[in-house]
Amino acid sequence: MAVTDDVTEVETRSYVTGLRCRVCRAEYPEQPLAICDDCFGPLEVEYDYDAVARVLSRELIASRPPTMWRYRELLPLTAPPRVGLETGYTPLVPAPRLGAALGLKNLYIKNDGVCHPTLSFKDRVVAVSLSKACEFGFDTVGCASTGNLANSVAANAARAGLRAYIFIPDALEHAKILGTQIYGARVIAVRGTYDDVNRLCSEIVYTWNWGLVNVNLRPFYSEGSKTVGFEIAEQLGWRAPDAIVVPMAGGSLLVKIQKAFAELQRLGLIPPARVRLFGAQAQGCNPIVAAVREERDEIRPVKPRTIAHSLAIGDPADGDFAARVIRESGGWAEDATDEEILAGIRLLAETEGMFTETAGGVTVAVARKLAAQGYLSPEETVVLAITGNGLKTMDALTASPLITISPKISDVERVLRDFSEGGSQP
Amino acid sequence: MSVTVRIPQPLRRFTENRDLIELSAMTVGEALEQLERQYPGITERLREPDGRLRRFVNIYVDGEDIRFLSGLATELKDGMEVSIIPAIAGG
């Protein structure tokens, strides 16, 4: 092997044993298939954990480059990754100033707003699913997206030389549309909500031989989300947090973060501990929060009305799984109004210098409520999953009026008085 | 009422690979019963033993999820399209 760079010198051994229906447990060989033929239930990737346990150690992981592929034995590839080799290992940032505002002494932000290459956690799931698309031999890929996934599929497909068809609802933020078209992807806006787009894409995979990352490649795609949990545990010094607040759209991220901690515990890489999972949604699209509050597994779909477009999924595919994981973990779920979302964005920016998108505003606003309600306690280690970047959803915010002056000291003195700060003269 | 039922690919093994089935029914539930009469075994894939729709099957009438209408009791009019679509996608 000529290549010595460890990023590409990836062991080709796969630990995947196949796919299994999460509902009726029917087994399937590895293939681009997301739905059980018998009961329509979702398929999940299965691993040989005993074999993984024999090779994977903290030391081996720590010896690898700081990307999501340092946990490659727990990702569903059979060949070395071909897409998103630099993705992941985003900062876990201590957030004492936000913590002070919320009354939490050990608060951390997992900041996927700086994920490579398109500034959201979707780069992780796309790295896995497009690598898998290459393995399966697809030359055309795509997705149903509320924006972040569109950006990531378009960018990563461009770099991998794959043709991309991106289906989005027709009322998305300008930045997310531009940030998809720029990569040369074929962007198709569908009149309706994200749920309408999803339904269309569910039919498209049976009509064209495409790899749609969150439709027929979904079992592989969703596994990429586990790396958020793996990284948090490693970055905390190989332990899980006491609690984590996760934004919920389809509900998959929360479920996969729980799975990540469970896998690390099973492999002996972190000590056994209960992690409470808390789900965050916008009040205008809260079907999972409603299910948690009303103590039911069944999700009742809603028609989304929220500025948090990236969370606007009225019929969440993993909603009932997320509700169950939250309940079984001893967590809870809350929602935030549009005003609270905007206040959450500003609070994170002003306290920790991080500009998150509307989904991040939801997470911060919900964390604030959970702390106030006593679900999060001051001494415990709490992580907020910030999944996207504020530069993409600036439409939701209004800039303050700009103060303009002439280039004169007297003008500066005047505005300093206006700011009521007086200015500290040298 | 004469309506068209769109069959998703995983169920076409029951319908001789036909994707559109014309039938006559007053409600969505009745349409499923008609479907079962024509293609025995097909609705076992769609309904729980107690008759409820399975969790991962969605049914739409002219594009609207029947959970926003009257569920299986949703009334059908001449020319309407009933689509059966797997629920697991997206997010």
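I take contact to mean heavy atoms within 4.5 Å. The model is predicted.

**Entry: chain A against chain B**

I looked up the contact between the chains. 32 residues of chain A are in contact with 26 residues of chain B. How much area is buried between chain A and chain B? I found about 2,600 Å², with carbon and sulfur atoms giving 57% of it. On the chain A side, A:Phe40, A:Arg199 and A:Tyr206 lose the most area to chain B. Together these three make up 28% of what that side buries.

I opened one between side chains, A:Lys303 with B:Glu64, at 2.8 Å from N to O.

Which helices of chain A each supply at least two residues to the side that touches chain B? I noted H7 (194-204), H8 (218-223) and H12. H7 of chain A gives the most, with 6 residues. By class, I have 17 nonpolar, 5 polar and 10 charged residues on that side of chain A.

**Entry: nonpolar cores**

I then looked at the cores. The largest nonpolar core has 138 residues. Those with the most contacts inside this core include A:Leu98, A:Val245 and A:Leu384 from chain A, and B:Leu35, B:Leu76 and B:Ile84 from chain B. Helix H14 (residues 358-372) of chain A gives the most to this core, with 8 residues.

Leaving out residues up to four places away in sequence, A:Leu384 touches A:Leu98 and A:Val245, among others. Its list also includes A:Leu107, A:Tyr108, A:Ile109 and A:Lys110. A:Thr363, A:Val364 and A:Ala367 are on the list too.

A second core is separate and has 23 residues, among them A:Val83, A:Ala150, A:Ala154 and A:Ala185.

**Entry: backbone checks**

I searched for cis peptides. One joins A:His116 and A:Pro117, with omega about 0 degrees. A:Pro117 sits in the loop between strand S5 (106-111) and helix H4 (122-136) of chain A.

I also checked for positive phi outside glycine. A:Glu295 has phi near 55 degrees. This residue lies in the loop between helix H11 (287-293) and helix H12 (319-329) of chain A. Is A:Glu295 buried or exposed? I read a relative accessible area of 62%, so A:Glu295 is exposed.

B:Glu16 also has a positive phi, of about 55 degrees. B:Glu16 lies in the loop between strand S1 (2-6) and strand S2 (20-24) of chain B. B:Glu16 counts as exposed because its relative accessibility is 65%, and the cut-off for exposed is over 50%.

Note on methods:
Residues are numbered from 1 along each chain as its sequence is written. Chains are lettered from A and ligands numbered from 1 in the order in which they are written. This is a predicted model: local features need pLDDT of at least 70, side-chain atom pairs count only at pLDDT 80 or more; totals for chains, interfaces and linings use all residues. Side-chain values use heavy atoms; hydrogens and water are left out. A nonpolar core is a set of buried Ala, Val, Leu, Ile, Met, Phe, Trp, Tyr and Cys residues joined through side-chain atoms within 4.5 Å. Buried means under 20% relative accessible area, exposed over 50%, partly exposed in between (1.4 Å probe, protein chains only). Helices (H or I, at least four residues) and strands (E, at least two) are DSSP runs, numbered from the N terminus. Buried area is the accessible area (1.4 Å probe) that two parts lose on being put together, summed over both. A salt bridge is a side-chain nitrogen of Lys or Arg within 4 Å of a carboxyl oxygen of Asp or Glu. Ala, Val, Leu, Ile, Met, Phe, Trp, Tyr, Cys and Pro count as nonpolar, Asp, Glu, Lys and Arg as charged, and the others, Gly among them, as polar.
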